[in-house]
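Thanks, everyone. Let's go through the aromatic rings first, then the ligand.

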Amino acid sequence: MKIVEVKLGDRTYPIHIGVPLTHIGDALKEKNFSGKVLVITNTTVGKLYGDMVMESLSNAGFVASITKIPDGEKYKTLETVNNLYQICMDNKLERNSVIVALGGGVVGDIAGFVAATFMRGLPFVQVPTTLLSQVDSSVGGKVGVNHPKSKNMIGAFYQPSMVYTDISTLKTLPEREFNAGLAEALKYGIIRDKKYFTVLERDLIKIKSLHLERVEYTVWRACQLKKWVVELDEKEQGLRAILNFGHTIGHAIESATNYKTYLHGEAVSIGMVCAAKIALELELLDKMWVRRIEKILIRAGLPIKHSIEVDKIIEQIVFDKKVQEGKVRFVLPNGRPGRTIIKDDVPEDVIRKVLEEQRESI
Ligand SMILES: NC(=O)c1ccc[n+]([C@@H]2O[C@H](COP(=O)([O-])OP(=O)(O)OC[C@H]3O[C@@H](n4cnc5c(N)ncnc54)[C@H](O)[C@@H]3O)[C@@H](O)[C@H]2O)c1
């Protein structure tokens, strides 16, 4: 078991990694929670782990209820949030009640937003059950939902009171989802820690076969790297933007395909290779590192090429540029994994060239 502490003054919180779901009730008690608990999960995760969590809460003496939202990114909407407000009222939640988000990034983002806004804020606990949510989305306090025209457009910065990660839940996670989470873990190596990147290269087979000690290390180190960034720049005024490595093109690819073809981590994988190749074009990174980044993503079972018309991706990048104060911002590796540079003046012909290179013919 490992603990990482996110130090944010009176909003400091622990991330427990490698702890059993059967002890979540005790963990809440140790945190001095005493009020009602509402567990927000989805139909898939609820079926697998809902009873276990409810039993643990009840054994620890909590009055707890559980609600299951439908499974899928398309339900990450204000409508779902509104239904959840009704459930909070039906359950007569009070200021000292706690919301527990049991699931992947979608459940975490929605439940966190409900917690941030219901009665002007209730404490909440993240219990992430996908690799992506364990290495990334459960930490750092970004919560929210999608607007029909733009992803993650409505939200808040609202830190959890605790993150409680049972990595054995990954045993039931579909392989494709696991691989998508690996993309985000690799992102942390590339932007912040060369040694982590090389350890992931060395241990990839073990990690993919769910060697628990190696998975625990993978989650722990990613959380540590994210917490350092969040502590320095909680509200993304500067440094935190490096977490968007691979996201400029990744996001454009997701939008251009209406979020139907690629999982988020898969689109980020393609986006990271494109960013590495842009860095190569701009002479910021040498070929050896680009090859190593490509190779580990392929070994992880992730796509590095896309099959979309390049104009469609460029169109989306231009649309995002309008949303983001007129700048197309690229986070690029600088020299080697572990060092980054943010550039908002990458020439369009360079972006286009790289996107053409990464396009596979179908
Ligand atoms: N808040 C942040 O900082 C942040 C960062 C990155 C991504 N995100 C958001 O995270 C979301 C993606 O999260 P995700 O990749 O976890 O997807 P997800 O929450 O949709 O989960 C993926 C699938 O796995 C299922 N699942 C979850 N845990 C399982 C388990 N243990 N066993 C079996 N099935 C399980 C889910 O029901 C779902 O079908 C996106 O909405 C993205 O915007 C947020």
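**Rings and ligand shell**

The structure holds five aromatic pairs. Keep in mind that this is a predicted model.

Take Phe197 and Trp289. Their ring centres are 6.1 Å apart and the planes sit at 65°, so this pair is edge-to-face. The two residues come from distant parts of the chain, 92 residues apart. Phe197 belongs to helix H7, residues 194–208, and Trp289 to helix H11, residues 287–299. Phe197 and Trp289 are both buried.

Next, Tyr217 and Trp220. Here the centres are 5.7 Å apart with planes at 50°, so the pair is tilted. Tyr217 and Trp220 are three residues apart in helix H8, residues 212–232, so about one helical turn separates them. Is Tyr217 buried or exposed? Its relative accessibility is 14%, so Tyr217 counts as buried. Ring pairs also bring in Tyr196, making a cluster with Tyr217 and Trp220. And Lys2 lies over the face of Trp220, 5.6 Å from the ring centre.

Thr130 puts a polar side-chain atom 2.6 Å from an oxygen atom of the ligand. For Thr172, an N or O atom in the side chain is 2.7 Å from a ligand nitrogen.

On its own, the ligand has 870 Å² of accessible area, and the protein covers 89% of that.

Notes:
Residues are numbered from 1 along each chain as its sequence is written. This is a predicted model: local features need pLDDT of at least 70, side-chain atom pairs count only at pLDDT 80 or more; totals for chains, interfaces and linings use all residues. Side-chain values use heavy atoms; hydrogens and water are left out. Rings of Phe, Tyr and Trp (its six-membered ring) pair if their centres lie within 6.5 Å; planes under 30 degrees apart count as stacked, over 60 as edge-to-face and the rest as tilted. Helices (H or I, at least four residues) and strands (E, at least two) are DSSP runs, numbered from the N terminus. Buried means under 20% relative accessible area, exposed over 50%, partly exposed in between (1.4 Å probe, protein chains only). A charge sits over a ring if NZ of Lys or CZ of Arg is within 6 Å of the ring centre and within 35 degrees of the ring normal. A polar contact is a pair of N or O atoms within 3.5 Å; within protein, one must be able to donate a hydrogen and the other to accept it, and residues adjacent in sequence count only if both atoms are side-chain atoms. Accessible areas come from the Shrake-Rupley method with a 1.4 Å probe; for residues, only the protein chains shown count as cover.
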